[in-house]
Amino acid sequence: MRKVKVIVMSCSIVLAGLGFAANASAQCSRETLQKLADTYVQAQTTGKATMLPLTANASYAENDQTMDIAKGVLAGALKVDFSRSFHDTKQCASFTELVAATDPHPYVIHTRMMATNDGKVSKMESVVTDAGDWVFGATEHLAVTRTEKWDVIPMDKRDTREAIQAAADAYLNNWGDPTLPVPHGTPCSRLEGRTSTAARNPEGQACTMGAFPQKLKVGNRRYIIDENFGAVVIFHNFPWIDAGLPTDPGTPASQMFRVEGGKNRYIHEVTVCTTPGCGRGRPATPPGGQAAPQGGQPAPAGK
């Protein structure tokens with residue numbers, strides 16, 4: 001089923017505002033959130049949205065558009081090739097990256113769920129990308145994500161929630177001020193749609209980006225943080241990138257980070273476009289086989 005990008009559908013589940021609070025008062029167990037994430041993957045695999053346990057006033061949105069959960073992408077069964085989930089026990093929230101590369105209609109989906117402490121979904125939102133979205137390529141995305149090492153970090157080596165979020169925020173803050181430092185580790189690779197910078201130098205630091213043509217302020221940030229995996233996911237609005245929209249606030253996007261020792265190791269990005277390729281005409285294979293930065297220009301020398 002085709003995802004909603006700009007049309008708001010009438011719905012039985014009403015979204016009370018587009019954003020989610022950065023923190024929630026209720027905490028819950030990892031087991032509760034794991035069960036919820038597993039149920040979500042099963043619901044998408046079977047196309048049965050009713051499998052998800054919802055609170056009476058639950059809200060649902062795809063690509064920032066309020067809609068009935070039974071009329072979105074969950075209404076159709078997808079052949080799910082891979083999924084990876086993280087759990088934020090402090091917020092009582094769960095995140096899942098889902099890749100359907102071999103489905104007749106390929107997708108890469110990032111989904112964020114806020115839950116009650118007994119495991120019911122109170123708020124849910126997805127960034128749903130498919131053909132025409134920013135450098136979309138589910139087959140290439142699948143090939144990279146399933147080989148990456150997002151294992152549990154030993155307790156004595158885990159970063160704090162604050163350190164994990166700070167590393168990710170620094171990456172987005174740099175879009176507004178290219179002089180701000182970003183703590184990238186070595187190695188570090190970025191998976192942006194179908195394009196992976198790991199191909200440039202698998203053991204090197206290939207996450208540094210060139211500057212955008214203008215300074216960008218990334219707002220409406222919503223977080224999921226899982227210290228066990230050094231993971232943080234930021235749902236936000238990506239300014240400027242979609243030529244079919246005003247620069248601000250931009251288009252729905254999600255960034256997923258693996259942070260080790262306070263430094264970024266992996267970065268995944270999915271970004272929605274209202275026009276094919278966001279109207280930026282980025283080539284499928286950048287010159288020299290290198291991944292261009294999100295500005296759509298070849299990476300500067302030394303980056």
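Because the model is predicted, local features are given where pLDDT is at least 70 and side-chain atom pairs count only at pLDDT 80 or more, whereas totals for chains, interfaces and linings use all residues. Residues are numbered from 1 along each chain as its sequence is written, and side-chain values use heavy atoms, with hydrogens and water left out.

**Disulfides**

The structure holds three disulfides, a disulfide being a pair of cysteine sulfur atoms within 2.5 Å. When the bonded cysteines of the chain are numbered in sequence order, the pairing reads 1-2, 3-4, 5-6.

| Disulfide | S to S distance |
|---|---|
| Cys-28 to Cys-92 | 2.2 Å |
| Cys-188 to Cys-207 | 2.1 Å |
| Cys-273 to Cys-278 | 1.9 Å |

The torsion about the S-S bond of Cys-28 and Cys-92 is about 115 degrees, so this disulfide is right-handed. The pair links distant parts of the chain, 64 residues apart, with Cys-28 in the segment before helix 1 (30-46) and Cys-92 in the loop between strand 3 (82-88) and strand 4 (93-100); helices (H or I, at least four residues) and strands (E, at least two) are DSSP runs, numbered from the N terminus. Cys-28 counts as buried because its relative accessibility is 10%, and Cys-92 likewise counts as buried, at 0%, where buried means under 20% relative accessible area, exposed over 50% and partly exposed in between (1.4 Å probe, protein chains only).

The link of Cys-188 and Cys-207 is left-handed, with -95 degrees about the S-S bond. This pair also links distant parts of the chain, 19 residues apart, since Cys-188 lies in strand 7 (residues 184-192) and Cys-207 in the loop between strand 8 (195-196) and strand 9 (219-226). Both Cys-188 and Cys-207 are buried.

For Cys-273 and Cys-278, the torsion about the S-S bond is about -90 degrees, so the disulfide is left-handed. Cys-273 is buried, with a relative accessible area of 1%, and Cys-278 is buried as well, with 0%.
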